[in-house]
Structure formats: structure tokens, C-alpha cells
Amino acid sequence: MENLLARANTYLNKPKVAAWVFLSPSILCLLLFVFVPLFVAFGMGFFDITIFFKNIRFVGVANYRELLHDQRFWNALKNTAYFTACVVPGGTAFSLSVALYVQKNTGFRRFIRSLLYVPVVCSMTAMGIVWAMLMDPTIGIFAYWSDILGMRNFMFLKDPNWAMPLIMLMTVWKTFGLSMIIFVAALQSIPEYYYEAARIDGAGALTQFIHVTLPQIVPVLGFCIVTSTIQSFMLFDQTYIMTRGGPLFRTESMVQYIYSRAFSLSPFRLGYATAIAEVLFVIIAVVSLLMYRFFVKKEAGGMQ
Amino acid sequence: MMLKQNALSFSRLMVFLGICIVVLLVVYPFVWLILSSFKFETDIVKYPPGTWPSTFTFEQYVRVWHKLPLLRMFVNTVIFSGSVTLANCFLCAMAGYAFARIDFRGKEVLFILILVSMMIPFQIYMIPLYIEEHKLGILNTFAGLILPRITWPFAIYMMRSFFVSIPKSLEEAARIDGAGEYRIFGAIMLPLCRPAFLSIGIMTLVNNWNDLAYPLILTNTAEMRTLSAGLALFVGQRVIEYGATLAAATISLLPLLLAYILLQKYFVKGVVMSGLKG
């Protein structure tokens, strides 16, 4: 018996075995709860499944064919693309400009930095509730101020043309602190003598930024842009809290539409909703791959 | 020269003003939220709206407990995000250690698997996950909420970089003394992980505490809702309770805000590491 235990002990202590012991909980979890559903998703798009799991039928590419003529799908795709195309460049540029100011380690700027990071720590749910009330056309203080400033009857989130831009602004407000803090770290790691050398050559502030700062932060810039692009394509929390996709479906995002099709619109069509999710997956896969290649090239180019 | 000096200080002034506006815009909603949660309902909806309460009252904080199963939601959120955080720290440290320190067959393939799963957003496979949990019978249970999140590919990646940066000499002495992998990991590596645990733990805690779509889909009764999901559904109801909603929102934010004030350094550290290494 003791002999057996000792043998088990030596077996388990072999580095190769130990590695598998260390890894197995994580790998099992990922296989079971990420890769299994992901592969199931690829098949599910070809089935007609409702949330009650009755009368499951194989329908071939019918779901995908239906997508082509589904106006709500195209609308959601358009809204999501609009959101991403504005929030990613706008938010990144804004974070970077604020970072340029707060990067110096004076007490005041450190303090501002930690204040500006606060929205990142808070939930989109709570912040969405606050912003929706601030912008409420009847009780909101922002609506009152805009009235005073002469924008009479501005309906904020209830205005179909302005709902999405306001959601974008709120998103930048909530998230810019994250990339700001990463940019600050990247900016602080640029050696001071690079700037000195540029100044001796007579470079102004703008030239220094373009020729010294930018090339140095390309990898970090790429990271921030790619992650915020993926996050923007996943737009859901803000619109779910603040507009539920309205008015006139003008803020309905892809994920919002997937959620509605599957869980809140009768008949709850899980197969069709998954087909939409697949399209979204292909889009973000292609976009992030293209971006990744672009930034890797830039980085390599910068080193030559 | 004089003119240039003036122009310089003028543009400096403009930048300073700009940053002041940004700070005001960031801070104001929080000030408004906290002050308004101490207002009477009539004070919130009065015209013209104001920021400062006419009279301070705890009424909303008393009422909200009857309007919402707030305690239940709070406990759920603590159980869910707390156990996910603890599990993440240990399981990701174990996995990161194996990737950083042990040579074994299939290591590259597994590491690519981790990197790939880092890039796949949950929203893509949320419906099959919902079905899977339904079939396993863990939908709307703590097991169903916690199990899919016990590991986090991103944290594994971070822990791997952390262990790579630790000098090998530390464990070699122990190895010569005949200590096995588990002893080395438990007695030497884990104690070194404390700062890494703090920053990764905080990131996991914040992400899961605030998550909306995930608990919204995987729970379907009031008893299982987290703060985020419960609040989202509360504001979706027909009757809008402004004061109670604001009080509930304040309560849901308070723990993380307090943690941020106390542990600010670690909140930022994890994020910065991820940005500079990614």
C-alpha cells in the first residue's frame, strides 16, 4: 500500500504530469464553456430552434438566406458599424490627448489621472441609469440647461438622429480612462533624451509628437485600437439600459438584436439568433486580423 | 520674444481650461448621483431641476429595500464575483506556472488555444452556452454563473509573463533539496504571487461585478439576479422609481469605489501591464 502511494507520488511529481495537473482545470473549463459552445454555434445556424427546444428542424442555409432580407439585421449592422467607426477613433484620440496632458508626475496631474479613471471602475448599468436621467427631456438637468442655452425641445435620447451620437459620447465618457492610463504608461516610458535630441534639431511640439511620440507608442496604440474595436462591435450594455434599441431601432446594435431574437421576441428563435452571432464573429475576426497585420507592419516599419 | 511668451501662456491656459471641463464632466454625474439619492421623489422631478437637495433624506435608501430584493442581489454579486476572483487567481497562477516553467509535449498548441480564447467575446457563443447550461441543469444557479468563469485566458497569459520574469535560481535550490513541483509551486511561487494576485484579482472582480449581458442571460429569477442585471431589469419596468433606482445604483457602486480609493495603485497596475505587454 505504502509502496503504491510512493509510486503514485513519484508519478505525479514528474514535471510533465505536474504540468497537466496544473493546467487541467483551466483547459477543461475553456473546452467546456468556450470551445464547445463556439463549435455548437457553427452548427446551430443551420437549425430552427426555439427556446422551448421542441420541433428542432434542420433548415440548411435558410437562416442565412433570411438574414440577407432581414431589414432589422442590416439596420443593426449599420448602427454597430456607425458606433464603432466613431467611438474607436474619437475615443482613442481623446484618451491620447488627455494622456499627453496628465502624463507628467506632478501631484495635481496624478490626482486628475485618478479622478478620470473612476468611470472605468463603475458599472455601465449604474452609469447608464445616471446618464439617462441627466438627459431625460422632462426631468433631466442637461435638458434644462440645453433649454436655457436656446436648444428648445431637444429630445436627447428620444431624438432618433441624436440617440446614437449621445450613446457614443456616453461610451467615450465611461471608457476613455482605460486607454488613457495605458497611454500614460507608454508615454512615460519614452526616454527624455529622444525629445531633447528632437528639440536640438529645432522640432516644435507638433513635430516632436509626430516623429518621436507616435512611433514609440505604435504597439500600445494598436493594442488599444484593436481591443476597443472588438468591444465596440459588442455594443450592448449602454443601449440596453438607456434606449432598449430605440427610438425607431436607431440604436439597436447587433448584440442587442441577437439578444432580442433569442430571449425577448416571440418566437424565441435561438437558431436564427446564432446565425446572426456567426456573422458578427466573422466580421470581428476579419477586422481584428486586418488591424493586427496593419499594426505589426507599422511596428516593423518603425524599427528600420 | 514677449509675444511668443504670451502666446505660449495663452495656449497653456486654453489646455488647462479644457482639462478642467473634462474633469468637471467626469465628476459631475457622480456628484449628482450621490446628492440625488438623498432627495425626496418630488425633489428629483421638480422643475427647474437642481443638483443640491432641498432637504436631505434617507427615505430612498429605506424604500429601495422594499422595491427591490437588493440584499439578495448584493449577496449574489458578492458570491459570484468573489468566487470567480478567488478561482481565477489560483487556477490562472497554476496554468501560468506550467506554461512558464515546465517543458511538456503540446505546450505550444495549448498556449495557442489560450491566446485564441482570449480573442473570442462571450456574446458570440452566449446562446449555445445558454443551451448547454440548460441541458446540464445549471442554468440559473451559482454553479452556472461561476463555472464558466473559473479561469480567464487573459490572466493565464499575464501570470505566465509574471513567472517568466522570476529568476530560476529561486526554485533550483529547492529542486536540489528534492522538492517536487507542487512543493515548489505552493511554498515558493504562491507567496511571490501576492502583488500579481492583487492586480489580476481586482481586474476580475471589477469585470464580473459590473458585467451585464452574462448574468442577464444565465439567470432568470429575481433570487439569482446580480446587482447589474437586477438594476437593468428594474429600470426597464413600466413604473419608473427615480429615487429608489438612484439609491440602488449608489449602493451597487459603493464597494468598488471604496476599493478603488484604498487600492488605487493595483487597479491601474494590471491594466497598464496588459496594455504594455499585449
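**Exercise 1. Describe the pattern of secondary structure along chain B, then compare the counts for the two chains.**

Helices here are DSSP runs of H or I with at least four residues, strands are runs of E with at least two, and both are numbered from the N terminus. Counting them up, chain B has 14 helices and zero strands. Chain A comes to 14 helices and two strands.

A word on the model before going on: it is predicted, so local features need pLDDT of at least 70 and side-chain atom pairs count only at pLDDT 80 or more, while totals for chains, interfaces and linings use all residues. Residues are numbered from 1 along each chain as its sequence is written, and chains are lettered from A and ligands numbered from 1 in the order in which they are written.

**Exercise 2. Work out how each chain's radius of gyration stands against the value for a compact globule.**

Step one is the rule: the radius is taken over C-alpha atoms, and the globule value is 2.2 Å times the number of residues to the power 0.38. Step two is chain A, where 304 residues would give a value near 19 Å, but the chain has 25 Å. Its C-alpha atoms fill a box of roughly 70 × 70 × 40 Å along the principal axes. Step three is chain B: for 278 residues the rule again gives a value near 19 Å, but this chain has 24 Å. The C-alpha trace of chain B spans about 75 × 75 × 35 Å along its principal axes.

**Exercise 3. Find the domains of chain A and the distance between their centres.**

Chain A is divided into domain 1 (2-44) and domain 2 (68-303), with bounds that come from an automatic or database domain assignment. The C-alpha centres of these two domains lie 38 Å apart.

**Exercise 4. State what share of each chain is buried, and what share of its contacts joins residues at least 24 apart.**

Start with burial: a residue is buried if 20 or more other C-beta atoms lie within 10 Å of its own, exposed if 12 or fewer, and partly exposed in between, with C-beta atoms placed from the backbone. By this count, 38% of the 304 residues in chain A are buried, and 45% of the 278 residues of chain B.

Next come contacts, meaning pairs of residues whose C-beta atoms, placed from the backbone, lie within 7 Å. In chain A, residues 24 or more positions apart account for 68% of the contacts with a separation of 6 or more. For chain B the figure is 74%.

**Exercise 5. Examine helix α9 of chain A: its span, its kink and its surroundings.**

First, the span. Helix α9(A), residues 163-188, has 26 residues and reaches 37 Å from its first C-alpha to its last, close to the 38 Å expected at 1.5 Å a residue. That expected span is 1.5 Å times one less than the number of residues.

Second, the kink. The helix bends by about 45 degrees, centred on A:T175; the bend at a residue is the angle between axes fitted to the seven residues ending there and the seven starting there.

Third, the surroundings. Because 19 of its 26 residues are buried, α9(A) is largely enclosed by the rest of the structure.

**Exercise 6. Which residues touch the most other members of the largest nonpolar core?**

A nonpolar core is a set of buried Ala, Val, Leu, Ile, Met, Phe, Trp, Tyr and Cys residues joined through C-beta atoms within 7 Å. The largest one has 158 residues, and A:I276 and B:C92 touch the most other members. This core draws at least three residues from each of domain 1 and domain 2 of chain A. Setting aside neighbours within four places in sequence, the contacts of B:C92 include A:S26, B:W152 and B:I200.

**Exercise 7. Locate the backbone features in the loops.**

Most residues other than glycine have a negative phi, and most peptide bonds are trans. Now for the cases to find:

- The bond from A:S266 to A:P267 is cis, with omega near -5 degrees; A:P267 lies in the loop between α13 (254-264) and α14 (270-303) of chain A.
- B:Y47 and B:P48 are joined by a cis peptide bond with omega about -5 degrees, and B:P48 sits in the loop between α2 (41-45) and α3 (59-67) of chain B.
- A:R244, in the loop between α12 (237-242) and α13 of chain A, has a positive phi near 55 degrees.
- A:L248 is found in the loop between α12 and α13 of chain A, and its phi is near 55 degrees.

Definitions and conventions
Contact = placed C-beta atoms within 7 Å.
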